[in-house]
Amino acid sequence: MAEINSNAGKGRQKGGIRRSKKLSTKVDLTPMVDLGFLLITFFVFTTSMSQPKAMNLFLPAGETAHTVTAESTTLTVIPVAGNKVFYYHGQLGKAFKEKHYGTTTFSISNGIGAVIRQKQGNIERQPALKKEDLMLIIKPALGARYQNVVDALDEVLINDVKHYAFVALEPAEKDMLLKLGLQ
């Protein structure tokens with residue numbers, strides 16, 4: 001707190017001229033120091049509480065990264081430019097002939113998450129298969145943003161997909177994207 005010392009200047013009066021009192025000020029900085037320590041404590045506490053969130057990325061063991069999966073349990077997701085996603089079921093040639101492909105977005109209600117859940121439902125209807133047997137292959141296109149790949153990984157977590165892989169685009173897939181005007 002600031003206080004004014006009124007005792008300053010007593011005993012020094014000259015002749016008949018009356019001068020105004022010179023008051024000295026003294027500032028107490030104790031509350032300011034307390035506030036500083038409170039702010040430091042607050043920021044140290046909040047920074048230690050916020051932990052970075054990371055997802056475990058499981059990589060295949062050994063030299064080969066080749067995994068054989070059933071065509072009926074495979075869904076390939078290709079994030080492309082414009083926050084869009086191209087997807088197809090099984091192999092590209094067969095999916096294109098049978099029209100088992102499409103384009104969607106990362107929308108919550110009817111985006112790629114809905115396609116993944118629909119595929120999991122189709123797998124569960126088959127005898128001797130569970131929804132955990134879904135193999136999701138993520139193949140980012142050149143026009144895709146990093147955020148699109150992160151959104152695809154978020155869909156993996158949200159839909160509890162146990163088997164997924166990142167793979168480079170094949171030339172046939174690049175041609176298909178060009179033919180559809182998605183790249």
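I looked up strand 3, residues 74-80, and found it mostly covered, with seven of its seven residues buried. I note that this is a predicted model.

I then checked which way the side chains go. Thr74, Thr76, Ile78 and Val80 point one way from strand 3. Leu75, Val77 and Pro79 point the other way, and residues in both sets are buried.

Next I looked for the partners of strand 3. Strand 6, residues 135-138, runs parallel to strand 3 and is joined to it by four bridges. There I found threonine 76 opposite isoleucine 137 of strand 6. Strand 4, residues 84-89, pairs with strand 3 in the antiparallel sense, over six bridges. I traced leucine 75 to its bridge partner in strand 4, histidine 89.

I looked at the turn as well. The hairpin of strand 3 and strand 4 has three residues between the strands. In this hairpin I read a positive phi near 80 degrees for glycine 82.

Last, I turned to the rings. I counted four aromatic pairs in the structure. One of them is phenylalanine 86 with tyrosine 101, a tilted pair at 5.9 Å centre to centre, with 45 degrees between the planes. The pair links distant parts of the chain, since phenylalanine 86 lies in strand 4 and tyrosine 101 in strand 5 (residues 101-105), 15 residues apart.

How is each ring residue covered? Phenylalanine 86 counts as buried because its relative accessibility is 2%, under the 20% cut-off. Tyrosine 101 has a relative accessible area of 25%, so I list it as partly exposed. I also noted that ring pairs link Phe86, Tyr88, Phe96 and Tyr101 into a cluster.

Conventions
Residues numbered from 1 in each chain as written. Predicted model: local features only at pLDDT ≥ 70, side-chain atom pairs only at ≥ 80, totals over all residues. Heavy atoms only, no water. Buried < 20%, exposed > 50% of the residue type's maximum accessible area, 1.4 Å probe, protein only. Helix = DSSP H or I, 4+ residues; strand = E, 2+ residues; numbered from the N terminus. Pairing = 2+ DSSP bridges. Phe/Tyr/Trp six-rings, centres within 6.5 Å; stacked < 30°, edge-to-face > 60°.
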